[in-house]
Structure formats: structure tokens, C-alpha cells
Amino acid sequence: MTKDEPEILDPELVDPDPFAIGFSLLGLLISGGAYLEMRRNRILTEAQRSGEFRQTWFQARRTLIHARRVVEEFATYVAEDGYGSQEFLFGKARLNLPRDRVDQLRRLHANSLTTASYMADNLDALSEYLDSTYTPLVEEIMNKLIELQMPHSYDAVVLLVREGVTLYERLIEEIGQKESFSS
């Protein structure tokens, strides 16, 4: 084959672009932070407020558990398929994967988008109940998002999203302890 002839690929292999999944995972962090802000507490009876706050906290906690699973699943594909050090730009990672792997990546992409949407909604609702005692952790999260640059590689995406999810988990843990929500 000369350099002018196109490369003939195995017709059973497909070249998905993992950029969309990585970008969705970054969206997961940004979606949460976009709605996480300090707000005035609603004027509710204390019992009603406490019950709603508790329910909202558990919803946010479940979403974070799922977010952790999604990022860790993506990390396994990145490691297994060996594109972690490749540049994180659209079309840069050229993969030739079997159809079943492509289907798995499509499912993961859908999961990451859904999780980002739930994260935004849950943290938006949770922020309604946060008072100034949570300011340091919220500011730490916001500062991390401000530092957010386009990661240079897929490994960097995984590290960044892991770190962001850890910050959200710390916030949820602190709220749970302070409000006596966790067991």
C-alpha cells in the first residue's frame, strides 16, 4: 500500500470518538457547579424545611454515587482501550473497536448526560437549604470550576472529574453530618 492509498479497516470494527463522553463528564461537574450557590433559606416551618432538606440531600447523594460510577466506568474504558494519553480534542482519538464496545460507549455517554442533568437539578434544589456555614466548601468547588481548563488528555479528564466529584461528595458528607442526615 502506498501512502496515497486509503487504509482498509476491518469492517467489523468501528471508530467511535470518546470525546463526547469525556465532554459529558466535564459537563457533569459544570452542571452541578452552575446551580450550586448560596441562597436564602425559604420561609417554611422548621419541620417541613428539615424534611424537604433531608429528602433533597438524599437525592443529591444518590446522584453523586451514580456520578462516581460513571466516571470510574469511563476510566476503565480509557485504560483498557489505551487512549488515556491521547490529546482530548474532537476527532483526535482514533479507535477501532468492536460493535459491542461502541454500544457500551454509547450507553455510557447517555448515562453521563443523564447524570449531569440530575446533578444540576439536585444541587440546585440542595442550594436552597444551604446557609453561610457551607460557604467555604461551596467556594472551593466554585474555585475548582473556575480553574477548569480544557484537559489535555483523556487521563486528565478522568482525574479532573474524579477530583470534582470528590469535592461534591465532601459537601454532601459535611451536610449529612451537620444536619444528622447520614447514619
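# Notebook: helix packing, salt bridges and rings

I began with helix α4, where Leu 137, Val 138, Ile 141, Lys 144 and Leu 145 are buried (buried means under 20% relative accessible area, exposed over 50%, and partly exposed in between, with a 1.4 Å probe and protein chains only). These residues cover an arc of only 120 degrees around the axis, which puts them on the same side of α4; the arc is that of the directions from the helix axis to the C-beta atoms. On the face turned away from this buried side, I found the exposed residues Pro 136 and Ile 146.

Before going on, I noted that this is a predicted model, in which local features need pLDDT of at least 70 and side-chain atom pairs count only at pLDDT 80 or more, while totals for chains, interfaces and linings use all residues. Residues are numbered from 1 along each chain as its sequence is written, and side-chain values use heavy atoms, with hydrogens and water left out.

**Entry: the chain as a whole**

I looked up the elements and found five helices and two strands, in the order β-α-α-β-α-α-α from the N terminus on. Helices (H or I, at least four residues) and strands (E, at least two) are DSSP runs, numbered from the N terminus. The chain has 183 residues, of which 40% count as buried. Its accessible surface comes to about 10,400 Å², with 52% belonging to carbon and sulfur atoms; these areas come from the Shrake-Rupley method with a 1.4 Å probe, and for residues only the protein chains shown count as cover. I also looked at contacts (heavy atoms within 4.5 Å): among those between residues at least 6 apart in sequence, 90% join residues at least 24 apart.

**Entry: helix lengths**

I checked the span of α4 (residues 135-147), whose 13 residues should span 18 Å at 1.5 Å a residue, and the end C-alpha atoms are 18 Å apart, which agrees. The expected span of a helix is 1.5 Å times one less than its number of residues. For α5, with 25 residues, the first and last C-alpha atoms are 36 Å apart, close to the 36 Å expected. Just after α5, I noted that Ser 180 takes a positive phi of about 60 degrees.

**Entry: a buried serine**

Ser 112 sits in helix α3 (residues 99-127) and counts as buried because its relative accessibility is 0%. Apart from neighbours within four places in sequence, I found Ser 112 in contact with Ile 21, Ser 24, Leu 25, Leu 28 and Val 70.

**Entry: salt bridges**

I took a salt bridge as a side-chain nitrogen of Lys or Arg within 4 Å of a carboxyl oxygen of Asp or Glu, and the structure holds eleven of them. One of them joins Glu 140 and Arg 170 at 3.1 Å, N to O. This pair links distant parts of the chain, with Glu 140 in helix α4 and Arg 170 in helix α5 (residues 154-178), 30 residues apart. Glu 140 counts as partly exposed at 32% relative accessibility, and Arg 170 is partly exposed too, with a relative accessible area of 38%. Salt bridges that share partners also join Arg 68, Glu 72, Arg 162 and Glu 169 into one network. Within it, the side chains of Glu 72 and Arg 68 meet at 3.8 Å, N to O; both lie in helix α2, four residues apart, about one turn of the helix.

I then turned to Glu 87, found in the loop between α2 (46-81) and β2 (97-98), where its side chain meets that of Lys 92 in a salt bridge of 3.7 Å, N to O. Glu 87 counts as partly exposed at 39% relative accessibility, and Lys 92 is partly exposed with a relative accessible area of 45%. Leaving aside neighbours within four places in sequence, the contacts of Glu 87 are Lys 92, His 152, Ser 153 and Tyr 154. Glu 87 and Asp 155 lie 68 residues apart in sequence and 9.3 Å apart in space, C-alpha to C-alpha.

**Entry: aromatic rings**

Rings of Phe, Tyr and Trp (its six-membered ring) pair if their centres lie within 6.5 Å, and planes under 30 degrees apart count as stacked, over 60 as edge-to-face and the rest as tilted. By this rule I count eight aromatic pairs. The rings of Tyr 83 and Tyr 154 have centres 5.1 Å apart and planes at 85 degrees, so the pair is edge-to-face. Tyr 83 lies in the loop between α2 and β2 and Tyr 154 in helix α5, so the pair ties together parts 71 residues apart in sequence. Both tyrosines, Tyr 83 and Tyr 154, are buried.
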